[in-house]
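The sequence and the structure are shown first.

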Amino acid sequence: MFNLKTLQRNKTVKYGVPMLLLIVGGSFGLREFAQIRYDAQKIRKRLDPSLAAKVNEQKQSVILEEEYEKLKEINLDEWKNIRGPRPWEDSKEYQEQQHRNLSKTD
């Protein structure tokens with residue numbers, strides 16, 4: 001039925017099959033390289049045992065609760081939005097100008 005010459009002339013076999021192999025094979029290859037990357041990141045994130053002994057997880061939660069209590073005490077209804085200096089503006093001069101404007105409004 002089909003001989004080798006007709007298969008070689010067929011554009012689907014000549015261009016399509018290698019393209020599909022490249023796409024499917026590339027996805028498997030990229031998965032392996034990505035896995036190596038994530039494994040390396042896991043190794044870097046591990047704490048040194050001497051440092052891990054110094055970190056107390058229970059104390060960390062207490063600090064978080066203290067910060068939450070501080071935020072509850074702050075009155076967020078009376079804040080003012082102050083724009084920072086643009087990259088082309090002199091920051092010292094702009095800060096002085098902002099302080100003068102604030103003192104005038106208070």
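**Basis of the description**

This is a predicted model, in which local features need a pLDDT of at least 70 and side-chain atom pairs count only at pLDDT 80 or more, while totals for chains, interfaces and linings use all residues. Residues are numbered from 1 along each chain as its sequence is written, and side-chain values use heavy atoms, with hydrogens and water left out.

**Fold and surface**

The protein chain contains five helices and zero strands, and its pattern along the sequence reads α-α-α-α-α. Helices (H or I, at least four residues) and strands (E, at least two) are DSSP runs, numbered from the N terminus. Of the 106 residues in the protein chain, 2% count as buried; buried means under 20% relative accessible area, exposed over 50%, and partly exposed in between (1.4 Å probe, protein chains only). The accessible surface of the protein chain is about 10,800 Å², and carbon and sulfur atoms account for 58% of that surface. Such areas come from the Shrake-Rupley method with a 1.4 Å probe; for residues, only the protein chains shown count as cover.

**Confidence**

The predictor's confidence in each residue is expressed as pLDDT, from 0 to 100. The protein chain has an average pLDDT of 81, and 87% of the residues score at least 70. Confidence is highest in helix 2 (residues 11–45), with a mean of 90, and lowest in helix 3 (residues 49–54), with a mean of 68. Where pLDDT is low, the predicted coordinates should not be read in detail.

**Annotated segment**

An unreviewed UniProt entry places the feature "transmembrane region" at residues 15–34. UniProt positions are given in the numbering used here, feature names are shortened, and annotations may be inferred rather than shown by experiment. In the model, residues 15–34 are 100% helix and 0% strand, with the end C-alpha atoms 28 Å apart.

**Salt bridges**

The structure holds three salt bridges, a salt bridge being a side-chain nitrogen of Lys or Arg within 4 Å of a carboxyl oxygen of Asp or Glu.

| Glutamate 32 | Arginine 31 | 3.4 Å |

Glutamate 67 and lysine 70 both lie in helix 4 (residues 57–73), three residues apart, or about one turn of the helix. Glutamate 69 and lysine 72 are likewise both in helix 4, three residues apart.

In the pair formed by glutamate 32 and arginine 31, glutamate 32 is partly exposed at 46% relative accessible area, and arginine 31 is partly exposed at 49%. Glutamate 67 is partly exposed at 39%, as is lysine 70 at 48%. Glutamate 69 is partly exposed at 40%, whereas lysine 72 is exposed at 52%.

Glutamine 98 is located in helix 5 (residues 91–105). With a relative accessible area of 19%, glutamine 98 is buried. Its side chain is joined to that of tyrosine 94 by a polar contact of 2.9 Å. A polar contact is a pair of N or O atoms within 3.5 Å; within protein, one must be able to donate a hydrogen and the other to accept it, and residues adjacent in sequence count only if both atoms are side-chain atoms. Not counting residues up to four places away in sequence, glutamine 98 touches Ile82 and Arg83, where contact means heavy atoms within 4.5 Å.
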